[in-house]
Amino acid sequence: DVPLLDQKAYIVYGSCLHSLLRQCVTCRAVCSVFTRRVCGTFAVMEQVCVNGHKYTWGTQPSIEGLPAGNLMLAAGILFSGGSPIRILNLFRHLQIPTISLSTYKLIQSSYLVPAVKHVWSAEQKAVIDQRHGTPLHLGGDGRCCSPGHTAKYGSYTLMDLTDSKVLDMQLIQVRFKQW
């Protein structure tokens, strides 16, 4: 088995899938081909031959029941910094079945954000453990992204100045005193 990230993915037209599945995998007889289900970028095709053989084929592997293409598309959108609405609309304009915006958000919150948090926590622990018992030269910086004086949230980053490794990042709620 080739790991999912090492596999190529292709855009395939329906007519090409039908042509590929026109011959029975059991007896080589002529088959009727049907699209049984479409779930985002995933399709289930069924072939039924004149001799009664049936074969069902999925267009991509699944990861714990989630079509791999749906997960990879959502990951590609998030990790590239692209606009989900624009990218999903691009797929729709090309008439390529795709996930909905709500599915993108569900995949993001259920799989991608927890994975990023896990990797960040492991990396942060390794960096801090590596420095245990050694003197540190720290620098920090805070930022608020809202223009003017109405920022509600800010971020603060703490870094080891010796090798520019980020030791911690925090998102904080900014509270201003009212006079």
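Reader: Which strands does helix 4 lie across, and at what angle does it run to strand 8?

Author: Helix 4 (residues 101-131) lies across strand 7 and strand 8, and runs at about 125 degrees to strand 8. Axes are lines fitted to C-alpha atoms, for helices over the stretch in contact, and angles run from 0 to 180 degrees between N-to-C directions. Contact means heavy atoms within 4.5 Å. Please keep in mind that this is a predicted model, where local features need pLDDT of at least 70 and side-chain atom pairs count only at pLDDT 80 or more, while totals for chains, interfaces and linings use all residues. Residues are numbered from 1 along each chain as its sequence is written, and side-chain values use heavy atoms, with hydrogens and water left out.

Reader: What makes a stretch a helix or a strand, and how many of each are there in the protein?

Author: Both are DSSP runs numbered from the N terminus: helices are H or I with at least four residues, strands are E with at least two. The protein has four helices and eight strands. Along the sequence they follow the pattern α-β-β-β-β-β-α-α-α-β-β-β.

Reader: Why is the protein called more spread out than a compact globule?

Author: Its radius of gyration is 25 Å, well over the 16 Å that the globule rule gives for 179 residues, so the protein is more spread out than a compact globule. The radius is taken over C-alpha atoms, and the rule is 2.2 Å times the number of residues to the power 0.38. Along the principal axes, the C-alpha atoms fill a box of roughly 80 × 45 × 20 Å.

Reader: Why are strand 6 and strand 8 said to stand at the edges?

Author: Let's start with the sheet: three strands form an open sheet in the order 6-7-8, with antiparallel pairing. Strand 6 (138-144) and strand 8 (165-173) each have a single partner strand, so one side of each is left without a neighbour in the sheet. Neighbouring strands here are turned by 15 degrees against each other on average, direction ignored.

Reader: How many bridges join strand 7 to strand 8?

Author: Eight bridges join these antiparallel strands. In one of them, Ser155 is partnered by Leu171. The hairpin of strand 7 and strand 8 has four residues between the strands, and Ser164 takes a positive phi near 60 degrees there.

Reader: Why is Glu46 called buried?

Author: Buried means under 20% relative accessible area, exposed over 50%, and partly exposed in between (1.4 Å probe, protein chains only). Glu46, in strand 2 (residues 42-49), has 12%, so it counts as buried. Of the 179 residues in the protein, 23% are buried.

Reader: What makes the Glu46 and Arg36 side chains a polar contact?

Author: A polar contact is a pair of N or O atoms within 3.5 Å; within protein, one must be able to donate a hydrogen and the other to accept it, and residues adjacent in sequence count only if both atoms are side-chain atoms. The two side chains make such a contact at 3.0 Å.

Reader: And is Thr56 buried, exposed or partly exposed?

Author: Thr56, in strand 3 (residues 54-58), has 48% relative accessibility, so it counts as partly exposed. Thr56 and Glu46 are ten residues apart in sequence and 4.4 Å apart in space, C-alpha to C-alpha. Leaving aside neighbours within four places in sequence, Thr56 is in contact with Val44, Met45 and Glu46.

Conventions: Pairing = 2+ DSSP bridges.
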